[in-house]
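Dear colleague,

I am passing on the structure below, together with notes on what was found in it. Please read the notes beside the coordinates.

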Amino acid sequence: MKLMKQAKEIRNGSLYFNSVLGRVERAIGKLNSARVWTNRHENAATAVRVKNLRKATGDEVGEYINESEMLKQVPARLTV
């Protein structure tokens, strides 16, 4: 699979596979020409080097969506 070379190749909202962490993440914004902001299932955003991202495959997207659906079914933590 082709790794991304520049932040301008990244589309906000699209899913990419992070080759360093070995997981799918959603692009949410450009930081500069070499890095973008990503998050996973609405967790805190992290800065990721563009060269470590590639477009997620159909199977990877399906797994990400399934994880999202499972997380929606987990009740929110109770705070005291």
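**The largest pocket**

The largest pocket has a volume of about 240 Å³. A pocket here is an open set of points on a 1 Å grid over the protein atoms alone, with protein on both sides within 12 Å along at least five of seven lines, and lining residues have an atom within 4 Å of a point. Grid points are joined across faces, edges and corners, and the volume is the space filled by probe spheres set on the points.

This is a predicted model, in which local features need pLDDT of at least 70 and side-chain atom pairs count only at pLDDT 80 or more, while totals for chains, interfaces and linings use all residues. Residues are numbered from 1 along each chain as its sequence is written, and side-chain values use heavy atoms, with hydrogens and water left out.

The pocket is lined by Arg26, Asn39, His41, Glu42, Asn43, Tyr64, Ser68, Leu71 and Lys72. These lining residues divide into two nonpolar, four polar and three charged (Ala, Val, Leu, Ile, Met, Phe, Trp, Tyr, Cys and Pro count as nonpolar, Asp, Glu, Lys and Arg as charged, and the others, Gly among them, as polar). Helix α1, residues 58–73, gives the most to the lining, with four residues.

**Fold and confidence**

The protein chain has one helix and five strands, where helices (H or I, at least four residues) and strands (E, at least two) are DSSP runs numbered from the N terminus. Along the sequence, they follow the pattern β-β-β-β-β-α. The C-alpha trace spans about 45 × 30 × 20 Å along its principal axes. Buried residues make up 31% of the 80 residues in the chain, with buried meaning under 20% relative accessible area, exposed over 50%, and partly exposed in between (1.4 Å probe, protein chains only).

The mean pLDDT of the chain is 89, and 92% of its residues reach 70 or more; pLDDT is the predictor's confidence in each residue, from 0 to 100.

**Helix α1**

At 1.5 Å a residue, the 16 residues of α1 should span 22 Å, and the end C-alpha atoms of α1 are 23 Å apart, which agrees; the expected span is 1.5 Å times one less than the number of residues. Within α1, Glu60, Tyr64 and Ser68 are buried. They cover an arc of only 80° around the axis, so they sit on the same side of α1, the arc being that of the directions from the helix axis to the C-beta atoms. On the other side of α1, Gly58, Asp59, Glu63, Met70 and Gln73 are exposed. Tyr64, which also lines the largest pocket, counts as buried at 4% relative accessibility.

**Loop residues**

Asn43, another residue of the pocket lining, lies in the loop between β3 (35–39) and β4 (46–49), and Asn43 is exposed, with a relative accessible area of 52%. The C-alpha atoms of Asn43 and Ile28 are separated by 12 Å, although these residues are 15 apart along the chain. Ala45 is also in the loop between β3 and β4 and counts as partly exposed at 40% relative accessibility; the C-alpha atoms of Ala45 and Arg26, 19 residues apart along the chain, are separated by 9.5 Å. Val50, in the loop between β4 and β5 (53–55), is buried, with a relative accessible area of 1%. Val50 and Tyr16 are 34 residues apart in sequence and 9.9 Å apart in space, C-alpha to C-alpha.

With best regards

Methods:
1 Å grid on protein atoms, 1.4 Å probe; cavity = no way out; pocket = protein on both sides within 12 Å on 5 of 7 lines; lining within 4 Å.
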